Amino acid sequence: MKNLLAALTTLAIAITPTVGVAVWGQCGGSGWTGGTTCDTGSVCTVVNPFYSQCMPGTATTAPSAPPTTTSSAPGSTACASASGRTKFKFFGVNQSGAEFGSGKWPGVLGTDYTFPSPSSIDYFVGQGFNFFRVPFTMERLVPPSSGMTGPFNSAYLSGLTTIINYITNTKGAYAALDPHNFMLYNNQAITSTSQFQTFWQNLAGQFKGNSRVIFDVMNEPNGIPASTAFSLNQAAVNGIRASGATSQLILVEGTSWTGAWTWVSSGNAAAFTAIHDPNNNTAIEMHQYLDSDGSGTSGTCVSSTIGAERLAAATSWLQANNMKGFLGEIGAGSNAACISAVSGALCSMQSAAGSPWIGVSWWAAGPWWPADYFTSIEPPSGLAISQILPQALKPYL
């Protein structure tokens, strides 16, 4: 079917006249090799050096600077011009693989789990992104036989360190270490703040000399009170700083899957106002999916405006409490409603007064995602590459 489609596409190009790029399509940017002429009624507008987009309007010459007028994606609220938005300090993708093979510890590299591909890192850095969240499994790093305060598995730590160093030292980007354990260890809830503090003190000590490493305390705690999640996160912050890692950003996550839309109702808002970092370099990490139950298991979005709507209360809370926010996961299907919803979410974050949001990462890249995984953004053919990337992500670089 793929070869037939390619043949038909080639034939169509040969016998039909050239058409312009449709409104909201990409028409330029660093490395762009596609069409540069927009359909009648829209003009190729420079959004940033990496991305130009066909926007409604007319012009006699191609623009040479970011637009100064307000434009909007289909079905979304109007988004401020590039000069009126606060750009994200950290913007990129999750890089899955090292957390695969649930329950298979230590597992076999290449069979049960893998590490992110350097070529994928190259691709996104080339597109202008500068952040990668790297999930891993605690049980592979610190085997249950000796507990979470025990010695590291040297082979797994070496693989993790290799990709972290490639991201940070070779490519000059930022890498977040993400224990993707949902506040569980060896299939049991983590309850000991002292043990969790020691785990993080030991791990941060391995990377304390790398200023481009970010410490993401724990992926998506759930099934525990917000106060418990807070106490464990605070213990991790204390351990990280005690290791001598004093310059790096720390990301803390709340209960209820750290959802932005439930940040207040879950109790996280009340609990996490007390988070304390002696180095004042901690951000609240939240996640947000746009399907009906917010799980990210469906490519159908509730509406074209659901992204901004689900972030509104969290943004207000961050502003009111003078805290920094980081959207560590967002994902949706490659359809018109979802593209508008993702774009609207990012627009609302960058356009918020004194924007508290410092970063965003899409879920997810990774070499082992199946071909039909709707949020996969693994180059070259992940399903989010062709539309989500150019239409909903790159405009906000």
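1. Arg-310 lies over the face of Trp-261, at 3.9 Å from the ring centre. A charge is taken to sit over a ring if NZ of Lys or CZ of Arg is within 6 Å of the ring centre and within 35 degrees of the ring normal. Arg-212 likewise places its charged end over the ring of Tyr-174, 4.7 Å from the centre.

2. The model is predicted: local features need pLDDT of at least 70 and side-chain atom pairs count only at pLDDT 80 or more, while totals for chains, interfaces and linings use all residues. Residues are numbered from 1 along each chain as its sequence is written, and side-chain values use heavy atoms, with hydrogens and water left out.

3. The whole structure contains 23 aromatic pairs (rings of Phe, Tyr and Trp, the last by its six-membered ring, with centres within 6.5 Å). One aromatic cluster is formed by Phe-100, Trp-363, Trp-368, Trp-369, Tyr-373 and Phe-374.

4. Helix H8 (residues 306–320) and helix H9 (residues 336–351) have axes that come within 6 Å and cross at roughly 35 degrees. Helices are DSSP runs of H or I, at least four residues, numbered from the N terminus; axes are lines fitted to C-alpha atoms over the stretch in contact, and angles run from 0 to 180 degrees between N-to-C directions. In H8, Ile-306, Gly-307, Ala-308 and Leu-311 meet Ala-341, Gly-344, Ala-345, Ser-348 and Met-349 of H9, where contact means heavy atoms within 4.5 Å.

How values were computed: Phe/Tyr/Trp six-rings, centres within 6.5 Å; stacked < 30°, edge-to-face > 60°. Helix = DSSP H or I, 4+ residues; strand = E, 2+ residues; numbered from the N terminus.
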